[in-house]
Amino acid sequence: MSLLRLINIQGIAGIAVGVALAILLVIQKSETSHWKKESGRFEQLYDQQQSALATTVSNYRAAAQQAEAADRANAQRVQADQRAINERTEDDYQARLATARSLAQRLRGESASAAADPRGGAGAAVPGLPASARGPADAAAQDRLPNADAELATEQAIQLDELIKWVRKQAAVDPNQQQK
């Protein structure tokens, strides 16, 4: 007790305040240590999230570039298919048109030679048909188009036929089908 006699109330209060401050300092140090650990953990989580975000952005960009390249390749494939269809259709049209024109030319030549030589170059004469049998044939000849109109109609029919084929082939090209 002698020590307590030497220290008065103010001294005891000062010691109590000092002990309280020391306890608070120890508590503050443990809290600081705890929050440093938490801060390190949060920083690590933040870095992981930033890394994951960067990876995701990179993956999306790569996927977008792949999709763009696939779209370009698909567009080129469609254009090539359509160009091939156009060329084949044009070739078929020109071939059919040339065939029709040569047939028309040959028929005009045969018609002209038949008109010049009514016997048709045969050796023996064939008896003529009676007048009643010639009537419908003459009538059928009157319903025919003139040669130039018949040739034009044939060319237009070929043109329409090839156009229909072209449309069907073009419609069959699937612009959304990806190459394998």
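The protein averages a pLDDT of 82, and 78% of the residues score at least 70. Helix 2, spanning residues 9–116, has the highest confidence, with a mean of 91. Helix 3, spanning residues 131–143, has the lowest, with a mean of 52. Where pLDDT is low, the predicted coordinates should not be read in detail.

Of the 180 residues, 9% count as buried. The accessible surface comes to about 14,800 Å², and carbon and sulfur atoms account for 59% of that area. Among contacts with a separation of 6 or more, 93% are between residues 24 or more positions apart.

Side chains of opposite charge can pair when their charged atoms come close. The count of salt bridges in this model comes to 10.

Arg108 pairs with Glu151, and their closest N and O atoms are 2.6 Å apart. Arg108 belongs to helix 2 and Glu151 to helix 4 (residues 147–172), so the pair links distant parts of the chain, 43 residues apart. The two partners also fall into separate classes of accessibility: Arg108 is partly exposed, at 31% relative accessibility, whereas Glu151 is buried, with a relative accessible area of 19%. Glu151 is assigned to the buried class because its value is under 20%.

The side chains of Glu110 and Arg106 meet at 3.9 Å, N to O. Both residues lie in helix 2, four residues apart, which is about one turn of the helix. Glu110 is partly exposed, with a relative accessible area of 42%, and Arg106 is likewise partly exposed, at 47%.

Helix 4 provides a further pair, formed by Lys165 and Asp161. Their side chains meet in a salt bridge of 3.7 Å, N to O. Lys165 and Asp161 both lie in helix 4 and are four residues apart, about one turn of the helix. Lys165 counts as partly exposed at 36% relative accessibility, and Asp161 is partly exposed at 29%. This pair belongs to a network in which salt bridges that share partners join Arg96, Asp161, Glu162 and Lys165.

Notes
Residues are numbered from 1 along each chain as its sequence is written. This is a predicted model: local features need pLDDT of at least 70, side-chain atom pairs count only at pLDDT 80 or more; totals for chains, interfaces and linings use all residues. Side-chain values use heavy atoms; hydrogens and water are left out. Buried means under 20% relative accessible area, exposed over 50%, partly exposed in between (1.4 Å probe, protein chains only). Contact means heavy atoms within 4.5 Å. Accessible areas come from the Shrake-Rupley method with a 1.4 Å probe; for residues, only the protein chains shown count as cover. pLDDT is the predictor's confidence in each residue, from 0 to 100. Helices (H or I, at least four residues) and strands (E, at least two) are DSSP runs, numbered from the N terminus. A salt bridge is a side-chain nitrogen of Lys or Arg within 4 Å of a carboxyl oxygen of Asp or Glu.
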